Amino acid sequence: ASELTGSLTAELTGDLTASSGSTTPVIAPFTGETLHELPLSSATDVADAYAAARVAQAAWQAAGHAHRRGVLLRAHDLLLEQRDPILDLLQLETGKTRGQAFEEVFQGASVTRYYAVSARNVLKTRARRGGIPTVVQARVSYQPKGVVGVITPWNYPVSLSLMDVIPALAAGNAVVQKADNQGALSILASRRPFIEAGVPAALWAVVAGPGDEVGNAVVDGADYVCFTGSTATGTKVGERAAARLHGASLELGGKNPLIVLDDANPTKAAAGAANAVVSAMGQLCVSIERIYVQRGIAPAFTDALVARVGSLIQGPALDYTTDIGSLTSQAQLDRVKAQLADAVSKGATVLVGGSERPDLGPYFFEPTVLSGVTEDMACFAEETFGPLVAIHVVDTVDEAVAAANSSEYGLNASIFTGSVQRGRQ
Ligand code: NAD
């Protein structure tokens with residue numbers, strides 16, 4: 001790891017707004033060893049970042065859409081050209097596979113291009129019919145918020161970062177971003193192509209540090225907040241922004257259901273379901289953790305899913321030879337193991353997986369398919385945020401929909417069926 005990232009790590013952490021003098025060790029999930037010492041920001045650093053961002057924002061807004069479009073399109077190309085060190089860092093910080101790391105860079109490049117090309121039209125001033133026709137004239141026009149505070153989790157540090165930062169920049173805002181400690185290097189590496197393309201460094205500042213100091217300071221200084229993370233923290237962030245009468249977008253957790261109807265192709269549905277369970281080892285907000293399959297197709301689908309999940313190649317390779325990687329931390333491993341042990345002790349059956357793989361690395365765990373999961377088990381309704389999925393057999397579509405909706409979460413849901421019309425219905 002240090003061979004790959006040694007001097008790059010020092011260069012990148014130099015891009016952080018962090019002068020507190022304290023650091024924290026960041027563990028590399030593939031080995032359990034310290035990857036680097038991350039410098040931490042203070043509330044004063046955050047205030048300084050906001051002050052500089054406000055100055056940079058005025059010029060960026062005045063430069064107009066055509067300028068911003070040119071800069072972002074150049075950044076799109078540079079991000080793809082310079083992807084190799086970003087892929088290395090993404091893998092070393094999160095433990096995901098090269099392919100899953102590439103998905104992040106690809107998504108980041110895609111959103112960059114999308115907003116570069118579409119911002120002008122989306123934000124164009126439009127006439128609206130007035131409340132009293134001919135007497136009242138109405139127009140809707142869009143102004144930048146100013147400085148947007150972006151808070152990003154560790155699981156998809158590049159794509160979740162760029163999906164919030166780039167639309168903010170494309171609309172003429174500045175950004176002060178709090179990176180999670182575990183994803184800071186990936187964020188800083190993916191920011192570099194944007195600076196090289198012409199985004200002023202002060203227009204997009206990155207800070208790191210504890211949530212109750214640095215996170216709070218980012219929320220307090222922002223004109224608008226984009227938060228991605230857990231429901232517990234998002235609730236606090238939403239309350240804090242509301243107390244200042246500032247808006248916030250909160251992308252939170254899920255216990256995402258998949259319905260498999262009896263007219264689906266069982267092999268194709270199982271392949272799709274397997275991907276949806278193991279992407280980033282289930283550490284994905286829209287990961288599937290509950291499957292409701294109609295009785296007629298249940299045996300064929302379950303056999304195909306178990307075979308598919310059991311055949312995935314797992315390991316720490318820094319190339320494209322593996323299908324699945326490692327969980328990101330000891331805390332993640334403990335969480336998955338605890339939910340599994342609870343389910344098994346209350347009668348759930350492990351159809352495939354269920355074991356740690358210390359031979360591969362300290363946090364490797366086999367993706368696991370369960371049957372017989374009941375309401376008294378933690379994994380029935382709580383977000384696992386790991387590769388643990390329960391199969392439930394249902395008889396009717398209504399039963400499947402009611403079960404899917406019976407959750408405190410509402411982030412995402414999916415359906416496999418042979419008929420698009422039936423799926424929409
Ligand atoms: P988390 O809530 O612990 O942390 C998210 C971010 O918030 C981190 O950068 C963290 O440092 C910061 N933070 C912590 N306390 C804060 C505070 N008081 N004020 C401001 N910021 C604070 O979440 P996590 O464990 O890093 O991420 C996993 C969770 O995120 C899962 O629940 C997952 O479902 C969710 N998630 C949601 C989406 C989505 O788009 N809906 C995407 C990815 C992850």
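**Figure 1. Five strands form an open sheet with parallel pairing, in the order S7-S6-S5-S8-S9.** S7 and strand S9 (247–251) are the edge strands; each has a single partner strand, so one side of each is left without a neighbour in the sheet. From one strand to the next, the twist averages 15°. Helices (H or I, at least four residues) and strands (E, at least two) are DSSP runs, numbered from the N terminus. Two strands count as paired if DSSP finds at least two bridges between them. The structure is a predicted model, in which local features need pLDDT of at least 70 and side-chain atom pairs count only at pLDDT 80 or more, while totals for chains, interfaces and linings use all residues. Residues are numbered from 1 along each chain as its sequence is written, and side-chain values use heavy atoms, with hydrogens and water left out.

**Figure 2. Strands S5 and S6 with helix H5 packed on the sheet.** Strand S5 (residues 147–151) pairs with strand S6 (residues 174–179) in the parallel sense, over five bridges. Glycine 149 has valine 176 in S6 as its bridge partner. Helix H5 (residues 157–170) touches S5, S6, S7 and strand S8 (224–228), and its direction makes about 165° with that of S6. Contact means heavy atoms within 4.5 Å. Axes are lines fitted to C-alpha atoms, for helices over the stretch in contact, and angles run from 0 to 180 degrees between N-to-C directions.

**Figure 3. Packing of helix H3 against helix H6.** The two axes are 8 Å apart, and H3 and H6 pack at an angle of about 165°. That makes H3 roughly antiparallel to H6; angles under 35 degrees count as roughly parallel, over 145 as roughly antiparallel, 65 to 115 as roughly perpendicular and the rest as oblique. H3 passes H6 in a left-handed crossing. A crossing is left-handed if the near helix is turned anticlockwise from the far one by less than a right angle, and right-handed if clockwise. On the H3 side, Ile86, Leu89, Leu90 and Glu93 meet Ala184, Leu185, Ser186, Ala189 and Ser190 of H6. By class, this contact of H3 with H6 has six nonpolar, two polar and one charged residues. Ala, Val, Leu, Ile, Met, Phe, Trp, Tyr, Cys and Pro count as nonpolar, Asp, Glu, Lys and Arg as charged, and the others, Gly among them, as polar.

**Figure 4. Crossing of helix H3 (residues 83–94) and helix H4 (residues 98–122).** Their axes come within 9 Å and cross at roughly 120°. H3 and H4 are therefore oblique to each other, and their crossing is right-handed. From H3, the residues Arg83, Asp84, Ile86, Leu87, Asp88, Leu90 and Gln91 meet Arg98, Ala101, Phe102, Glu104 and Val105 in H4. The contact of H3 with H4 has six nonpolar, one polar and five charged residues.

**Figure 5. Alanine 201 in the loop between helix H6 (184–197) and strand S7 (204–208).** With a relative accessible area of 44%, alanine 201 is partly exposed; buried means under 20% relative accessible area, exposed over 50%, and partly exposed in between (1.4 Å probe, protein chains only). Residues up to four places away in sequence not counted, alanine 201 touches Arg191 and Ile195. Alanine 52 is 149 residues apart from alanine 201 along the chain, and their C-alpha atoms are separated by 9.5 Å.

**Figure 6. Leucine 123 in the loop between H4 and strand S3 (126–128).** Leucine 123 is partly exposed, at 23% relative accessible area. Apart from neighbours within four places in sequence, leucine 123 is in contact with His65, Tyr142 and Ala171.

**Figure 7. A hairpin formed by S1 and S2.** Strand S1 (residues 23–27) and strand S2 (residues 34–39) pair over five bridges in the antiparallel sense. Threonine 23 stands opposite proline 39 in S2. Six residues lie between S1 and S2, and in the turn glycine 32 has a positive phi of about 80°.

**Figure 8. A six-stranded open sheet with mixed pairing.** The strand order is S12-S13-S14-S11-S10-S15. Strand S12 (349–352) and strand S15 (414–416) stand at the edges with a single partner strand each, so one side of each is left without a neighbour in the sheet. Neighbouring strands are turned by 25° against each other on average, direction ignored. S12 pairs with strand S13 (residues 368–371) in the antiparallel sense over three bridges. Valine 352 has valine 369 in S13 as its bridge partner.
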